[in-house]
Amino acid sequence: MEKHISKIKVPCGNQPIYKDECVYSYDNPETPTGLYVSLTSFLGFGEEYVRKYAEKSGNCVFLHIRREKIPIEDDQVKSGDEAGPERKITRLAIGLEGGYNDANSKKYEYKDHYSVVVAPDIETKIPYPNNDLPLIVTQSVEAILAQESAISQLEKQTLTGTWDGEVRVVTKYSENLTQLNNGKKIPPSGWKCEKCDLTNNLWLNLTDGSILCGRKFFDGSGGNDHAVEHYRITNYPLAVKLGTITKDRSGAITADVFSYPEDDMVVDSHLEQHLTHFGINIAAMKKSEKSMVELELEINQRIGEWSLLTESDSELQPLAGPGYTGMRNLGNSCYINSVMQVLFTLPDFKSRFVGQGAEKYFNEFPADPANDFNIQVAKLGNGLWSGKYSSISENTLDSESTGISPAMFKNLIGKGHPDFGTKQQQDAYDFYLHFINLLERHSRNQFNPIDSLTFGVEERVECMASKKVKYTSREEYCLPLVIPLEKATNLDEVKEYLEKKAECPAGTTNDIVRHKVPLQACLERFFADEIIDQFYSTAIKDKTTARKTARLVNMPDFLMMHLRKFTLSDDWVPKKLDVAVQMPDELDLSNWRATGKQANEEELPECEVAKPAFVFDEGILSSLVQMGFPPEACKRAVFNTKNSGLEAASNWLMEHIGDADFSDEFVVPEANASQGGNVFTPNPESLAMLMSMGFNEQQATKALKATDGNVERATDWIFSHVDDMDVAEDTATETANEAADSNATKKNYRDGSGKYKLVAFISHMGTSAQVGHYVCHIKKDGQWVIFNDSKVALSQNPPKDLGYLYLYKREE
């Protein structure tokens with residue numbers, strides 16, 4: 001050890017310490033071989049990697065942590081007040097891992113064993129504490145044990161100001177809330193509504209102490225609206241839900257507080273004072289009611305799809321082994337789990353990130369592996385396919401020890417992102433595109449697994465006046481399909497069901513009748529002719545009508561389909577379509593293959609004169625602004641949909657609402673910007689910023705030109721056009737569109753027959769993208785397998801008609 005003393009360091013306050021988990025695998029202190037934490041870099045390693053790291057880095061002294069998990073017998077478990085405050089409820093789901101009901105979960109106590117080792121002889125362990133150890137070693141170990149781990153710090157940053165990711169602000173009514181001295185004292189239990197006999201879903205008004213029932217939920221359950229009626233009469237602003245008042249382990253008071261004027265759940269900064277006014281003894285209050293989030297989740301379960309998608313009514317046979325490893329839910333991370341499980345069934349992903357592909361990245365041993373994209377994706381892939389972290393305990397799905405916890409992966413993938421960096425539920429489709437974008441950025445000059453999912457879409461536009469045509473191409477990773485409800489095969493049955501439901505709202509939810517729409521109808525809608533009004537034809541040099549059609553340039557190895565279930569209702573409120581789409585096991589897309597320009601077709605001439613200036617349809621703009629969208633975003637939508645209508649513009653807004661420049665000032669691109677007289681000149685600062693990333697002036701200029709000078713979009717454009725970054729523009733008059741078309745045509749897409757077989761699908765349950773749960777079903781060895789976070793089982797009734805994202809594999 002003496003020769004390594006000079007390398008040992010004592011971590012400072014902001015030094016990340018990875019003492020929860022190996023940075024290359026999912027070994028942790030509870031793994032039989034424990035975890036080794038470097039006393040130099042403070043990185044954690046499993047036994048498989050610790051010697052290799054020591055040899056590569058020269059950092060040879062480690063703290064070894066092994067955690068012993070000791071079951072507590074039932075008669076040892078403390079009850080009542082001795083057991084301490086009930087643990088904080090999570091938003092994940094009622095009855096699911098981390099959800100409301102954990103009464104049957106096993107209780108354990110933990111004992112940590114510490115020792116110091118010097119690689120490569122890690123079998124020789126020096127027990128810690130030990131008076132014979134050098135002072136610097138003792139100081140380093142003590143600091144490592146005392147400081148919070150890097151993963152815990154990231155979790156706290158994510159949850160700052162949130163309740164399980166759901167942001168709650170301090171109400172402005174908290175500071176000067178009026179409380180009446182009317183002598184009311186509230187007992188710790190036995191409440192009922194003062195205006196009816198309800199004994200649950202009760203709210204205490206913090207001004208006058210009234211106890212009244214809450215709102216009626218959309219399914220007919222809940223209260224009778226007496227609390228909100230009381231507010232309308234009195235204007236007393238704040239109410240706390242009785243039964244949710246308790247103290248967490250830190251001693252902080254938690255409860256559901258609602259502000260009627262602000263119409264939201266809030267934080268009451270003087271909650272304890274306001275409760276004490278009515279004689280409420282905090283120590284005697286225990287959580288007995290579900291929170292509002294839990295109630296919302298419970299209602300989602302009752303809408304009929306929950307049990308179908310999770311197959312909770314079936315006797316599921318648990319599975320384990322390579323490729324059958326679950327992923328633990330970190331709090332609304334089921335959307336990540338489902339997408340990554342599906343992607344890692346693709347051979348190209350396994351080739352780059354599993355086994356030898358992973359070792360290529362691991363053997364580099366970079367200074368910061370926890371923030372290295374390739375290493376963390378490889379760590380995830382290896383974890384899913386090694387089989388090391390997959391086991392069946394007593395033939396049950398409810399094992400806490402199985403599956404991997406993708407905390408480092410989630411923190412890295414979501415870093416700096418306004419949505420994926422939070423604990424809120426997100427759209428799996430949005431995450432799929434986000435991950436693909438990141439993978440594209442990290443695949444320059446190396447094998448890219450996304451190639452197996454990439455396809456081109458050829459668009460043919462025909463001028464109806466001149467019959468001349470124009471062909472363009474774009475690159476896609478997913479086929480987005482609108483669901484035409486009017487094409488359902490059971491319209492009469494749905495109509496009858498809706499009429500009955502209107503007459504008796506609470507009586508029909510257990511026997512739901514959904515629209516049954518064939519996938520063929522969705523495909524026909526996507527590939528159908530589209531009429532474009534106000535199309536400027538370069539052939540007649542005037543506006544006319546055009547017909548646009550879309551076809552597939554190639555048939556990729558795997559085709560991802562996205563059923564657009566999240567849409568806008570008649571009153572422009574986002575909603576989810578509760579619809580069954582009949583998805584065939586086998587599919588033939590040959591009829592929709594692109595043919596390219598035909599010999600008898602004449603192309604539209606290039607624009608020789610400036611096009612008329614674009615004029616916004618003020619009616620569409622006004623309607624969009626009234627819907628609450630930012631005016632500049634509305635201009636973008638109307639321009640990009642070419643005044644084609646309100647529905648097209650609103651759909652564009654919903655699809656691009658996450659764009660960084662969504663609300664930025666919009667300037668209509670000059671009609672003749674591509675002409676020789678108007679050569680594009682980039683902003684010098686924007687150009688310098690892109691060039692600092694390692695791209696030359698010509699490449700940076702090309703990216704800025706293609707994105708109207710927007711630096712952030714230009715960065716994304718560069719990484720999504722890596723194949724043509726080294727190709728110079730042919731002439732100074734070549735337009736950005738022509739370059740894009742040319743490059744799309746030249747790309748060597750993977751191709752084959754148009755016949756496909758269904759191999760996976762991801763399902764969402766819940767009424768909106770912001771709440772609910774995702775699971776995925778994957779076909780392995782001819783059998784369907786359900787992946788429900790850490791639970792992996794043989795599927796009995798795969799609900800193929802209720803999915804959200806579908807993966808088809810091309811037949812050889």
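Two strands pair if DSSP finds at least two bridges between them. Strands (E, at least two residues) and helices (H or I, at least four residues) are DSSP runs, numbered from the N terminus.

The model described here is predicted: local features need pLDDT of at least 70, side-chain atom pairs count only at pLDDT 80 or more, and totals for chains, interfaces and linings use all residues. Residues are numbered from 1 along each chain as its sequence is written, and side-chain values use heavy atoms, with hydrogens and water left out.

**Overall**

The protein contains 31 strands and 22 helices. It has 812 residues, and 48% of them count as buried. Buried means under 20% relative accessible area, exposed means over 50%, and partly exposed lies in between (1.4 Å probe, protein chains only). Contact means heavy atoms within 4.5 Å. Among contacts between residues at least 6 apart in sequence, 71% join residues at least 24 apart.

**An open sheet**

Four strands, in the order E17-E16-E21-E20, make up an open sheet with antiparallel pairing. Its edge strands, E17 (469–476) and E20 (530–537), each pair on one side only. On average, neighbouring strands of this sheet are turned by 35° against each other, direction ignored. Axes for such angles are lines fitted to C-alpha atoms, for helices over the stretch in contact, and angles run from 0 to 180 degrees between N-to-C directions. E20 pairs with E21 (residues 542–552) in the antiparallel sense over six bridges. Isoleucine 532 has alanine 546 in E21 as its bridge partner.

**An annotated site**

The UniProt annotation "binding site", from an unreviewed entry, covers Cys193, Cys196, Cys213 and His226. These residues span 34 residues in sequence, yet no two of their C-alpha atoms are more than 8.5 Å apart, so they gather at one spot. UniProt positions are given in the numbering used here, feature names are shortened, and annotations may be inferred rather than shown by experiment.

Cysteine 196 lies in the loop between strand E7 (166–167) and strand E8 (202–205). Cysteine 213 belongs to strand E9 (residues 211–213). Leaving aside neighbours within four places in sequence, cysteine 196 is in contact with Cys213, Asn224 and His226.

**A buried glutamine**

Glutamine 426 sits in the loop between helix H12 (407–414) and helix H13 (428–441). Its side chain reaches the backbone oxygen of aspartate 419 at 3.2 Å.

| Residue | Relative accessible area | Class |
|---|---|---|
| Cysteine 196 | 16% | buried |
| Cysteine 213 | 0% | buried |
| Glutamine 426 | 9% | buried |

Definitions and conventions
A polar contact is a pair of N or O atoms within 3.5 Å; within protein, one must be able to donate a hydrogen and the other to accept it, and residues adjacent in sequence count only if both atoms are side-chain atoms.
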